Amino acid sequence: MSGRRILIVDDEPDIRRLLGDALEAHGYVIETAADAAEAIRKGGLFLPDLVLLDIMLPDADGFSVYERLRNRPADLSCPIIFLTARRELDDKLHGFEQGAVDYITKPFHMKELLARVRVHLGELAPVKGDIPNPMTERELEVLRMLSSGKTYKQVATALRLSQSTVRNHLHNVYQKMNVVDRAQAVIVSRENGWI
């Protein structure tokens with residue numbers, strides 16, 4: 001049993017119940033919130049190890065909730081996964097630029113969601129493969145920092161790079177791994193033991 005804490009933020013009671021039941025069955029401690037105000041309050045009190053955050057909430061969008069969870073008083077540094085019915089590429093890119101570690105669209109398969117949760121909580125031990133790491137040290141460093149929940153701006157500041165250079169490194173990673181987004185790059189890298 002994991003005992004890790006997950007905050008589920010979604011305005012649909014059925015989604016909260018479905019996710020809560022499935023995650024509790026796998027040993028996670030669950031707290032739920034139906035709107036932005038409740039999410040921010042519970043985020044600061046519950047101190048989750050991971051947040052599943054719907055983008056379309058009745059009192060705010062998930063992007064602004066994300067910002068408020070990252071700042072005081074909640075001040076969370078845990079992985080935040082956006083969960084939404086939006087499928088447009090621009091929405092996904094915006095989510096990743098905000099610093100989300102993953103983006104799962106509804107309807108979703110519970111097994112996939114559970115696997116992504118476990119990956120972002122570091123519970124799936126990477127399989128050390130024979131595939132050599134195609135990334136440069138700098139690309140690896142950028143991906144490692146982004147996978148820990150840092151934003152492009154935070155990575156750029158920490159590495160003394162421009163945000164466009166950070167994006168260029170990430171674009172090179174996508175091409176080398178033949179993936180389309182940061183979540184896939186992180187999953188492939190962890191599966192191969194590169195990060």
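Is Leu47 buried, partly exposed or exposed, and what is the relative accessible area of Leu47? Leu47 is partly exposed, with a relative accessible area of 43%, where buried means under 20%, exposed over 50% and partly exposed in between, for a 1.4 Å probe and protein chains only. This is a predicted model, in which local features need pLDDT of at least 70 and side-chain atom pairs count only at pLDDT 80 or more, while totals for chains, interfaces and linings use all residues. Residues are numbered from 1 along each chain as its sequence is written, and side-chain values use heavy atoms, with hydrogens and water left out.

**Backbone features in loops**

Leu47 lies in the loop between α2 (36-46) and β3; helices (H or I, at least four residues) and strands (E, at least two) are DSSP runs numbered from the N terminus.

| Residue | Phi | Relative accessible area |
|---|---|---|
| Leu47 | positive, about 50° | 43%, partly exposed |
| Arg160 | positive, about 55° | 78%, exposed |

Lys106 is found in the loop between β5 (102-105) and α5, and Pro107 has its place in the loop between β5 and α5. Lys106 is buried at a relative accessible area of 12%, and its side chain makes a polar contact with the side chain of Asp10 at 2.8 Å. A polar contact is a pair of N or O atoms within 3.5 Å, of which, within protein, one must be able to donate a hydrogen and the other to accept it, and residues adjacent in sequence count only if both atoms are side-chain atoms.

**Helix α1 and its cover**

The 13 residues of helix α1 (residues 13-25) should span 18 Å at 1.5 Å a residue, and the end C-alpha atoms are 18 Å apart, which agrees; the expected span is 1.5 Å times one less than the number of residues. Its buried residues are Ile15, Arg16, Leu19, Gly20, Ala22 and Leu23. What covers them includes the strands β1 (5-9), β2 (29-33), β3 (50-54) and β4 (80-84), together with α5 (110-120), contact being defined as heavy atoms within 4.5 Å.

**Packing around α8**

The axes of helix α6 (residues 137-147) and helix α8 (residues 163-177) come within 9 Å and cross at roughly 100°, so α6 and α8 are roughly perpendicular to each other. Axes are lines fitted to C-alpha atoms, for helices over the stretch in contact, with angles from 0 to 180 degrees between N-to-C directions; angles under 35 degrees count as roughly parallel, over 145 as roughly antiparallel, 65 to 115 as roughly perpendicular and the rest as oblique. Among the residues making this contact are Val142 and Leu146 of α6 and His169 and Val173 of α8.

α7 and α8 pack at an angle of about 105°, with their axes 8 Å apart, and α7 is therefore roughly perpendicular to α8. Tyr152, Lys153, Val155 and Ala156 of α7 make the contact with Gln163, Val166, Arg167 and Leu170 of α8.

**Ser189**

Ser189 lies in helix α9 (residues 182-191) and counts as buried at 0% relative accessibility. The side chain of Ser189 reaches the backbone oxygen of Ala185 at 2.8 Å.
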